[in-house]
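Me: I have a new structure open and want to learn how to read its features. Can you take me through them?

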Amino acid sequence: MQLQPIVQNGQRVLTTMQLAESFKTDPKIINRNFQRNADRYVQGKHFFALTGDDLKQFKGSRQFDDSLKFVSVLYLWTEKGAWLRIDCPKLLVSVQRRLKR
């Protein structure tokens with residue numbers, strides 16, 4: 001899988017869908033884990049939550065991404081946010097390499 005680079009506030013990030021694909025899991029698992037552990041995550045450090053006009057602009061720049069069609073809040077995960085989700089360092093290295101391409 002080739003990840004499309006996304007830059008938000010000067011940081012390379014992944015959507016929840018991209019993160020789930022990288023971890024070979026369902027995005028619902030990523031979201032459920034985030035909801036259960038929300039106190040561990042800091043917005044701007046571990047993730048960005050796009051809503052309103054920011055979300056509309058993001059969706060407009062990715063018109064062919066059907067996974068965004070009905071999203072009301074879009075989470076973009078930073079490298080530090082991905083670290084909090086990983087038990088296996090090999091998996092993180094794999095995701096980092098794909099992002100750097």
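Reply: Start with the naming. Helices and strands are DSSP runs, numbered from the N terminus. Keep in mind that this is a predicted model.

Me: How many helices and strands does the protein chain have?

Reply: The protein chain has five helices and four strands. Along the sequence they follow the pattern β-β-α-α-β-α-β-α-α.

Me: How do I find empty space?

Reply: Rolling a probe the size of a water molecule over the atoms shows where empty space is left. Here, the largest pocket has a volume of about 230 Å³.

Me: Which residues lie nearest the centre of the largest pocket?

Reply: T16, N31, V71, V73 and L74 do. In total, 13 residues line this pocket. Two or more lining residues come from each of α1 (16-23), α2 (27-36) and β4 (74-77).

Me: Which element gives the most to that lining?

Reply: That is α2, with four residues.

Me: What classes of residue make up the lining of the largest pocket?

Reply: Eight lining residues are nonpolar and five are polar. The lining has no charged residues.

Me: What share of the protein chain is buried?

Reply: Buried means under 20% relative accessible area. Of the 101 residues in the protein chain, 35% are buried. The accessible surface of the chain comes to about 6,700 Å². Carbon and sulfur atoms account for 49% of that surface.

Me: And how do I read contacts along the sequence?

Reply: Take the contacts between residues at least 6 apart in sequence. In this protein chain, 63% of them join residues at least 24 apart.

Key
Residues are numbered from 1 along each chain as its sequence is written. This is a predicted model: local features need pLDDT of at least 70, side-chain atom pairs count only at pLDDT 80 or more; totals for chains, interfaces and linings use all residues. Side-chain values use heavy atoms; hydrogens and water are left out. On a 1 Å grid over the protein atoms alone, a cavity is a set of points where a 1.4 Å probe fits but cannot get out, and a pocket is an open set with protein on both sides within 12 Å along at least five of seven lines; lining residues have an atom within 4 Å of a point. Grid points are joined across faces, edges and corners, and a volume is the space filled by probe spheres set on the points. Ala, Val, Leu, Ile, Met, Phe, Trp, Tyr, Cys and Pro count as nonpolar, Asp, Glu, Lys and Arg as charged, and the others, Gly among them, as polar. Buried means under 20% relative accessible area, exposed over 50%, partly exposed in between (1.4 Å probe, protein chains only). Contact means heavy atoms within 4.5 Å. Accessible areas come from the Shrake-Rupley method with a 1.4 Å probe; for residues, only the protein chains shown count as cover.
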